[in-house]
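This report is for a reader new to the structure.

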2 protein chains.
Amino acid sequence: MALLVQKFGGTSVGDLDRIQGVADKVKRFRDQGHDVVVVVSAMSGETNRLTELATNIQKQPTPREMDVLLSTGEQVTIALLAMALNERDCPTRSYTGGQVSIITDQAHTKARIQQIDTERMRADLDQGRVVVVAGFQGRDAEGNITTLGRGGSDTTAVALAAALEADECQIYTDVDGVYTTDPRVVEGARRLDKITFEEMLEMASLGSKVLQIRAVEFAGKYNVKLRVLHSMQEGPGTLITIDDEDVAMESPVVSGIAFNRDEAKVTIKGVPDIPGVASRILGPVSKANIEVDMIVQNVADDRTTDFTFTVHRNDYQRTLEVCASVCEELGAREYDGDGKIAKVSIVGVGMRSHAGVATRMFEALAAEGINIQIISTSEIKVSVIIAEKYLELAVRALHSVFELDREPVESSDVKAV
Amino acid sequence: MALLVQKFGGTSVGDLDRIQGVADKVKRFRDQGHDVVVVVSAMSGETNRLTELATNIQKQPTPREMDVLLSTGEQVTIALLAMALNERDCPTRSYTGGQVSIITDQAHTKARIQQIDTERMRADLDQGRVVVVAGFQGRDAEGNITTLGRGGSDTTAVALAAALEADECQIYTDVDGVYTTDPRVVEGARRLDKITFEEMLEMASLGSKVLQIRAVEFAGKYNVKLRVLHSMQEGPGTLITIDDEDVAMESPVVSGIAFNRDEAKVTIKGVPDIPGVASRILGPVSKANIEVDMIVQNVADDRTTDFTFTVHRNDYQRTLEVCASVCEELGAREYDGDGKIAKVSIVGVGMRSHAGVATRMFEALAAEGINIQIISTSEIKVSVIIAEKYLELAVRALHSVFELDREPVESSDVKAV
């Protein structure tokens, strides 16, 4: 008998049939004796419909009023799901974020949760009720409605699980778990039974967009057991858990291969090797609202150096324009770029204790004749930039070299409750 | 410089253009220096859309959840109207019913307002903001969302006006005021500059459905000046005001002619004239959820009496069925009915001090050869039941006899602010 927080996103509650399906699923957990708090998003399409209404009235809608408007999306879903559960003789009460005292700061449309009062939810659970809470929203200290920004429903679920000290926070999605890599690229891609928060963060930020990064960070910080599951299929999903020694010891060296096609790189050559150069290059870039991903600067040669960074491909042309003026101002020799690159990364907490992992990666790529343009590493990740055309080949080669298609030797003791 | 509460119904905010129009209107009042609190309904069609979603999930939706669902309708409107006003450099904040502490009882879907805390609205008004409040909704003492039932937005507006001690509560509708009778029946029907609450109540309940009766009662009780205006035309509308001596003295004898086509009458003949008979007849009728309008019992004759009442025409057949068994049980002689009748009433506080008003009415009808089937009177109203086919003729005759097509002699000092 566990306390579960279950989150269903917009697609999972996309129409009345789906909502009925979610009600069936929740009722099964209740019938097994679990206490359940359900967090739901707006029905898919609803947020866009409301946003369009707003932008027809104000090009830049007042953020405070945008939150009043958008928060109605989840409010419709909680009412309908509560009705569906009541219809199944499963006593249920629905609440907006504000009603269960999800207190946030005042940053409308991108608020951060500061505090949650669980008294009301606990009272309902104690009386055998299912509690349905609107994701993505809260209220500030003065009672104004706030929203957490897109994808905030994951964060709501994790925050509620932390506040309620739930046994598990289950995120229902349209995939049945986290994979060693994208199954559309590698046929042998395998669902992971478990993964650490850190690995998940590296995987998520690199394009395996199963969960909102913010929710994973939150779960790691408050040690909430997070599980990714399919909303319409049965299965244990993937457990995202704390990085303790046991997990690390048992982990395979590499857990997954992440990749990202949407990158472009820019290199400024012959930059004077003096302090403050990096900020004089990246300052104007970030001022232009361009987000930078990888940054690489090699050792200086002849008192000048080369400075490379990557950006989203949509920002490539604008980045080149910024670089033209930066190059002139700094007295750098020249700049050039490439809009047809891709990033491939191997991720795994096991790397920490295993030397030579990067070498095996580079050898595998070399064996396929793939040239590495940039390398960047962290404790649990090695990323390389290669020409985009080699992406699939590289991912398949690495997936095979690190034997990700084989089940790990240890028998998994992690099962969905 | 007045404090105005302005209410715009579902049709007045039916689409984005209409909402822009409402914003223009509100801004004009602001620019004149008035403080404005706006109450809005859900965009027309929205409540039906949401209700359909609910009934597809639950035949009898849980009332508490129905309120969570339906209250989103007005919440969308307040946000959009606040955006439109902000876009016009008219600083505005929107609030749900719960946010401005419209506290109701716990009767979900038909809650009654118990208390309103005006502190928050006053603070906004003091800072020069327009306050936009969602009509039709509130919250109970525990913070659950409640709704006031259909048409509740009028009640919200009046209640806010009472709590804020507003100078006027303006109800914007699709008519430009209250008329002496239906202009579709009588060409000379004239807009009234003012009318008393009591007259308005009699007019409204008799079919001139400009305002919710409940809102008029509320306004009368708390002495809120109520004005009915057209949402898309300019004009002073009709002021509904307290029935003090001055108003009554200046009032014409009859203020308006109300009528209702949807009536049917049933007569039980030869009922034993003993105590308790009325309740033994009407008990089974109300138990069958049939609402009774007029009730007439004449003096007994030969220890039996005739008992007549009217019902909505939709309930006529069911009423006859109830009467069959009642008739047998009471040992009454027989029963019959007529489904093709209409009710015509003259309404006016002036009647109180003028004898012979009823006689003038009866003479006017006799002059047109119209037979009166039933008569019922109150302090400020005389109603008759006639054959439906004479309805238009009767209304025109009475409108003319009581000179309602002429402007009253007194010059009106009541103007829209």
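The sections below go through the model, its sheets, a strand, a helix and a record annotation.

## Basis of the model

This is a predicted model, in which local features need pLDDT of at least 70, side-chain atom pairs count only at pLDDT 80 or more, and totals for chains, interfaces and linings use all residues. Residues are numbered from 1 along each chain as its sequence is written, chains are lettered from A and ligands numbered from 1 in the order in which they are written, and side-chain values use heavy atoms, with hydrogens and water left out.

## The sheet of chain A

In chain A, eight strands make up an open sheet with mixed pairing, in the order β3-β6-β2-β1-β9-β11-β12-β10. Helices (H or I, at least four residues) and strands (E, at least two) are DSSP runs, numbered from the N terminus. Two strands count as paired if DSSP finds at least two bridges between them. Strands of a sheet pair through backbone hydrogen bonds, either parallel or antiparallel. At the edges are β3 (92–95) and β10 (194–196) of chain A, each of which pairs on one side only. From one strand to the next, the twist averages 20°; axes are lines fitted to C-alpha atoms, for helices over the stretch in contact, and angles run from 0 to 180 degrees between N-to-C directions.

Two helices of chain A, α1 (residues 16–31) and α5 (residues 152–164), lie across β1, β2, β6, β9 and β11. Relative to β1(A), α1(A) runs at about 170° and α5(A) at about 175°.

## Strand β6 of chain A

Five of the five residues of β6(A) are buried, so the strand is largely enclosed by the rest of the structure. Buried means under 20% relative accessible area, exposed over 50%, and partly exposed in between (1.4 Å probe, protein chains only). Val130(A), Val132(A) and Ala134(A) lie on one side of β6(A), with Val131(A) and Val133(A) on the other.

β6(A) pairs with β2(A) in the parallel sense over four bridges, and Val40(A) stands opposite Ala134(A). Four bridges also join β6(A) to β3(A), again running parallel; here Tyr95(A) stands opposite Val133(A).

Chain B has an open sheet of eight strands with mixed pairing, in the order β3-β6-β2-β1-β9-β11-β12-β10. Its edge strands are β3 (92–95) and β10 (194–196) of chain B.

Helix α10 (residues 316–330) of chain B has 15 residues and spans 20 Å from its first C-alpha to its last, close to the 21 Å expected at 1.5 Å a residue; the expected span is 1.5 Å times one less than the number of residues. Its buried residues are Tyr316(B), Thr319(B), Leu320(B), Val322(B), Cys323(B), Val326(B), Cys327(B) and Leu330(B). They cover an arc of only 165° around the axis, which puts them on the same side of α10(B); the arc is that of the directions from the helix axis to the C-beta atoms. On the other side, Gln317(B), Glu321(B), Glu328(B) and Glu329(B) are exposed. After α10(B) comes Gly331(B), with a positive phi near 70°.

## An annotated site in chain A

An unreviewed UniProt entry carries the annotation "binding site" for residues including Lys7(A), Thr173(A), Asp174(A) and Arg184(A). UniProt positions are given in the numbering used here, feature names are shortened, and annotations may be inferred rather than shown by experiment. Asp174(A) is in the loop between β9 and β10 of chain A and is exposed, with a relative accessible area of 59%.

Notes:
Contact = heavy atoms within 4.5 Å.
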